[in-house]
Amino acid sequence: MDLDTVRTFVAVADAGRFQEAAAELAVTQQAVSKRIAALERGLGVRLFTRTPRGAELTIDGQAFLPHARELLRVAERAAASVRTGRRALRVDIIASRGAASGLMRAFHHAHPDVELDVLMLFDIETAVAAIRSGEIDASFRAVAAPGRPLPEDIESVRVLDEPLQLLTGPAHALAGARSVPLAELAGHRIWMPGIVPGTEWAAYYEDLVAEFGLTIEATGPNFGSDALLDTVADTPALATFMGEHTRLVWPAGHGLRRIPVTDPTPVYPHSLLWHRDNPHPALSALRAHLATTAAAPGAAGTWWPDWVRPY
């Protein structure tokens with residue numbers, strides 16, 4: 001159904017005269033008559049009766065009018081959903097409890113008027129494809145995995161270097177340490193079942209292992225963070241790495257310890273990715289917010305893989 005004919009029908013119904021509707025729509029009276037005639041042919045009914053007082057709705061016209069108004073409202077909502085500045089800013093944060101989630105919560109607190117649509121995609125290839133197709137506006141990622149440079153139309157900026165911490169149970173040999181040098185972790189079993197081969201975080205930990213001679217085990221199914229915490233709490237021989245900004249809650253009886261890692265401190269580099277031609281004004285607001293509020297990256301005494309995009 002042609003929306004121009006529906007819009008013309010509503011204008012005539014409201015004005016009561018073809019001539020006044022034509023003036024409102026900035027078209028000729030003949031054009032209004034043709035549109036109404038086309039609509040009547042399509043519906044197979046008469047919508048108006050011409051009288052000395054103007055145009056009066058028939059019974060069918062009266063029945064069609066509320067639906068016609070709804071059609072126009074739906075069309076306007078559909079257009080507004082993709083109109084720059086009026087649709088929600090769609091951002092991929094990878095995981096709900098990670099650092100990127102915290103960055104977006106802070107942005108929402110600072111800009112409550114910006115409508116957000118937050119989602120979680122799995123890997124960087126999926127995220128980049130979604131950015132290029134317009135499915136999302138931005139994504140938080142570690143950029144970029146070895147041998148997989150970003151396409152030329154994708155921009156990125158480092159927004160946070162997140163220190164890794166060692167998470168242990170109360171009976172672990174390092175549980176009482178206030179901090180632990182990275183080199184001292186060699187020989188300790190670090191269990192991370194969430195590492196998936198081929199992902200950017202797998203590439204990060206592969207380089208960490210190679211650089212410092214660590215032992216990271218990714219064996220066993222990944223039952224999520226609760227199962228990981230339960231196992232680490234109950235197994236003195238196991239520890240795991242946890243981002244400093246990862247928000248986790250566990251039972252008090254677990255007695256888990258979060259221990260800073262030093263000399264150097266391994267940091268996970270979070271970058272924001274977006275399409276260089278994306279005009280969404282809220283994207284500019286997000287970038288400006290991150291530039292002024294995120295912790296300064298590149299601190300002395302930190303480590304990240306050589307393949308991570310520099311500042």
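Below is a friendly set of questions and answers about a predicted model.

Reader: Which residues make the contact of H1 with H2, and how many of them are nonpolar?

Author: On the H1 side, the contact is made by Arg 7, Thr 8, Ala 11, Val 12 and Ala 15. H2 brings Phe 18, Glu 20, Ala 21, Glu 24 and Leu 25. Sorted by class, one residue of this contact is polar, three are charged, and the nonpolar ones number six.

Reader: Is the crossing of H1 and H2 left-handed or right-handed?

Author: This is the pair whose axes cross at roughly 125°. The crossing of H1 and H2 is right-handed.

Reader: What about the next pair, H2 and H3: how are they placed relative to each other?

Author: Helix H3 spans residues 29-43. The axes of H2 and H3 are 8 Å apart, and the two helices pack at an angle of about 105°. That angle falls in the range of 65 to 115 degrees, so H2 and H3 are roughly perpendicular.

Reader: Which residues of H3 take part in the contact with H2?

Author: From H2 come Phe 18, Gln 19, Ala 21, Ala 22 and Leu 25. The residues of this contact divide into six nonpolar, three polar and one charged. The H3 side is made by Gln 29, Val 32, Ser 33, Arg 35 and Ile 36.

Reader: H1 and H3 also meet. At what angle do they cross, and is the crossing left-handed or right-handed?

Author: H1 contributes Asp 4, Thr 5, Thr 8, Phe 9 and Val 12 to the contact, while H3 contributes Val 32, Arg 35, Ile 36 and Leu 39. By class, that contact has five nonpolar, two polar and two charged residues. The axes come within 9 Å. They cross at roughly 110°, and the crossing is left-handed.

Reader: Where is Ala 26, and is it buried or exposed?

Author: Ala 26 sits in the loop between H2 and H3. Its phi is near 60°, which is a positive value in a residue other than glycine. Exposed residues have over 50% relative accessible area. With 70%, Ala 26 is therefore exposed.

Reader: What kind of peptide bond leads from Asp 263 to Pro 264?

Author: Pro 264 lies in the loop between strand S11 (257-262) and strand S12 (265-275). Asp 263 is in that loop between S11 and S12 too, with a positive phi of about 55° although it is not a glycine. Asp 263 counts as exposed at 62% relative accessibility. The omega of the bond from Asp 263 to Pro 264 is near -5°, and the bond is cis.

Reader: Why can we say that the buried residues of H8 line one face of the helix?

Author: In helix H8 (residues 225-234), the buried residues are Leu 228, Leu 229, Val 232 and Ala 233. They pack against strand S6 (154-168), strand S8 (189-191) and strand S10 (238-243). Seen down the axis of H8, the buried residues line one face because they fall within an arc of 125°.

Reader: Is Asp 123 buried or exposed?

Author: Asp 123 is in the loop between strand S4 (116-119) and helix H6 (124-133). Leaving out residues up to four places away in sequence, Asp 123 touches Arg 141 and Glu 200. The cut-off for buried is under 20% relative accessible area. Asp 123 has 19%, so it counts as buried.

Reader: How far apart are the C-alpha atoms of Tyr 268 and Trp 201?

Author: Tyr 268 belongs to strand S12 and is buried, with a relative accessible area of 11%. Not counting residues up to four places away in sequence, Tyr 268 touches Ala 142, Leu 160, Asp 161, Glu 162, Glu 200, Trp 201 and Tyr 204. Tyr 268 and Trp 201 are 67 residues apart along the chain, and their C-alpha atoms are separated by 8.6 Å.

Methods:
Residues numbered from 1 in each chain as written. Predicted model: local features only at pLDDT ≥ 70, side-chain atom pairs only at ≥ 80, totals over all residues. Heavy atoms only, no water. Axes fitted to C-alpha atoms, helices over the stretch in contact; angles between N-to-C directions. Helix = DSSP H or I, 4+ residues; strand = E, 2+ residues; numbered from the N terminus. Left-handed = near helix turned anticlockwise from the far one by under 90°. Contact = heavy atoms within 4.5 Å. Nonpolar A, V, L, I, M, F, W, Y, C, P; charged D, E, K, R; others polar. Buried < 20%, exposed > 50% of the residue type's maximum accessible area, 1.4 Å probe, protein only. Arc of directions from axis to C-beta. Parallel < 35°, antiparallel > 145°, perpendicular 65-115°, else oblique.
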